[in-house]
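Morning, everyone. Please bring up the sequence and the model, and we will walk through a few places together.

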Amino acid sequence: MGLKPFSTGEELLDQVMRNQEPRAHLVKDESPLHYHLETKLDERRKQFKVLSTRFRIPGSRDFSSNDILSLSSSGLLRKAWDAEIAKYPGVQIGSGGSRLLDGTHVYMEELEQRIAHFHKAEGAMILNSGCECNVAIFTTLPAKDDVILYDELVHASIHDGMASSKCRNQFRFAHNDLNAFTEKLLKLRDDFPNLKECKTNLFISLEAIYSMDGDITPLADMVRIAKEIFPLGNANFIVDEAHATGLLGDNGCGLVGMLGLDKEIALRVHTFSKALGSYGGVILSSNTIRNYMVNFSRSFMYTAAPAFSTVAAIKCAYDLMESPELVVWQHRIQYLVRLFCAKVRQLPHYWRARETNYLTIPVAEGFERKPLMSHIVPLWSPASDALSIGLLISKITAYPVAYPTVPKNSKRVRLVFHAGNTEEDIEAVVKVIGEWLDERFKGDTIAGVEAGFAGTWEDFGKIKGLKKDEPATNGVNGHENGLTNGHVNGLTNGHTNGIIDGQANGHPNGHFEDSANSDMHGIMSGATLGETVGATGALNGDKGGMAVITNDMGLIDHETTAVNTMANAIPVEINKGIETY
């Protein structure tokens, strides 16, 4: 299944179609393991849910990548990195080993001290990724009798860490809901006497900006509430600042620094692969916590240290963060997000789409009054598959996200804005959304399957009269990839939004799953046609790994329970995070 760079959205979609061709029969006489694995993959192929890595389309408008400040794509970081590397001509390329062996050098330790000072923390520990940071925290710090309370939408890597944590008292609360947060804290205080008496610790896990919803956590209020309910000081906040780094606060210090809560937060995780355009992550904490993790964190002890080239890129990124231009880039993102919100609300059918829940943009509500907007703007729609196809065909990279990456019945196309985006980019996105809505709101009702308009891949099968469970083996009408008359994935008559006017060229079942955390590139690389219903997410340590179902959660999916091989294995659910650090 060879891959090659794509020059158009049509080629990318065509490759996705080819990836759904069954393969088990081709390896039947080979390794029993291969036959077994291909058989399992074929089950997904029949439903159009097999994933693969994707190349970025050259010349496309980027509304997907994590290069939020455009430090990487602009060449600014590369120029600074080239100059920095040139200062150390004799440095070795490789890591050298674990930080406890040969992997630590003065350059790294000095950078850790600088980062700690930058964020007004005592200590800093650089690891290979933000994912690794979160896993390290939750597998090391919470003890067996401690309690973990987490927002229901925290990142996948936090769930991975909790799944392997010694602490089994894990509870969630409704996303960003202060009332639910308060009620849960009160119940925990009553249910766990040792917690109330400060004999055990409470760990509260939050994200500064939530990667799929684009909203900001009410951190100051949560800190105040926790201190009132646990006045003895054993409520310890852990804040994942992945999407706030570089975007919020002076010099991009993050939400905690912006709010002046540096001394109130026990641990912070900042990542370098998003706004900073590099790779890796750092845990900010007290020196006591850092020293404890150096001695007890397996994620720190038994992995290679970041290579010098990576550490140098991080150093250069912080140099740029402290430059005067940063505030310009931050304001640029604020301007572009607000420009989009204003323009999309001027579309003729926007308000009707909003009233019917065909298209809602929660973060755009009241944007004029919000002091801050995040760079993440999800477009919620039950027809997000079709909207994403239209954007991709128009060379705009923006992918759909569905369950289990996000909760059921909350499918969306996720837009990520960058400092390097232009006003023309905004106009292009709004134009596609407008055309997509125009074709669906021509009459008194929303045009759907009965009128030849597909919103999801299930719709493509219905329009063609295909059974939902029919294998997608030979395409449609004898065409190998389900493409007829040169049209791509059910796009006909020049339409760019997945409308097929009764000429259904798409395959049955139509589930094209987004990456659901199964890749390590942070751009939902398998998300081309993105439907994730029934998917299992990534396995065995990928970003979309399993998450422990805690005492107050219901089992969502039985398909992957075997993944948890812990001696005290408990049911697992598919986590809802997707972003890769």
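Let's begin with M212. It counts as buried, because its relative accessibility is 5% and the cut-off for buried is under 20%. Keep in mind that this is a predicted model.

Now jump along the sequence. M212 and R412 are 200 residues apart in sequence. In space, their C-alpha atoms are 9.0 Å apart.

R412 takes us to a sheet. R412 is in β12, and it stands opposite W380. β12 covers residues 412-416. Its partner here is β9, joined to β12 by 5 bridges. The two strands run antiparallel.

What is the strand order in this sheet? The order is β9-β12-β11, so read it off on your screens. The sheet is open, has 3 strands, and its pairing is antiparallel. Which strands stand at the edges? They are β9 (376-380) and β11 (399-401). Each has a single partner strand, so one side of each has no neighbour in the sheet. Neighbouring strands here are turned by 35° against each other on average, ignoring direction.

For the parallel case, go to β3 and β4. β3 spans residues 147-151, and β4 spans residues 170-173. They pair in the parallel sense over 4 bridges. Y150 stands opposite R172 in β4.

Next, the core. The largest nonpolar core has 127 residues. Which of them touch the most other members? F340 and I433 do. Zoom in on F340. Leaving out residues up to four places away in sequence, F340 touches I361, V377, L379, L415, F417, I426, V429, V430 and I433. By their numbers, V377 and L379 fall within β9 (376-380). L415 falls within β12 (412-416).

Last stop, S65. S65 lies in the loop between β1 (61-62) and α3 (76-86). Is S65 buried or exposed? S65 is buried, because its relative accessible area is 4% and buried means under 20%. A polar atom of the S65 side chain lies 3.3 Å from the backbone nitrogen of D67.

That's the tour. Questions, please.

How values were computed:
Residues are numbered from 1 along each chain as its sequence is written. This is a predicted model: local features need pLDDT of at least 70, side-chain atom pairs count only at pLDDT 80 or more; totals for chains, interfaces and linings use all residues. Side-chain values use heavy atoms; hydrogens and water are left out. Two strands pair if DSSP finds at least two bridges between them. Axes are lines fitted to C-alpha atoms, for helices over the stretch in contact, and angles run from 0 to 180 degrees between N-to-C directions. Buried means under 20% relative accessible area, exposed over 50%, partly exposed in between (1.4 Å probe, protein chains only). A polar contact is a pair of N or O atoms within 3.5 Å; within protein, one must be able to donate a hydrogen and the other to accept it, and residues adjacent in sequence count only if both atoms are side-chain atoms. A nonpolar core is a set of buried Ala, Val, Leu, Ile, Met, Phe, Trp, Tyr and Cys residues joined through side-chain atoms within 4.5 Å. Contact means heavy atoms within 4.5 Å.
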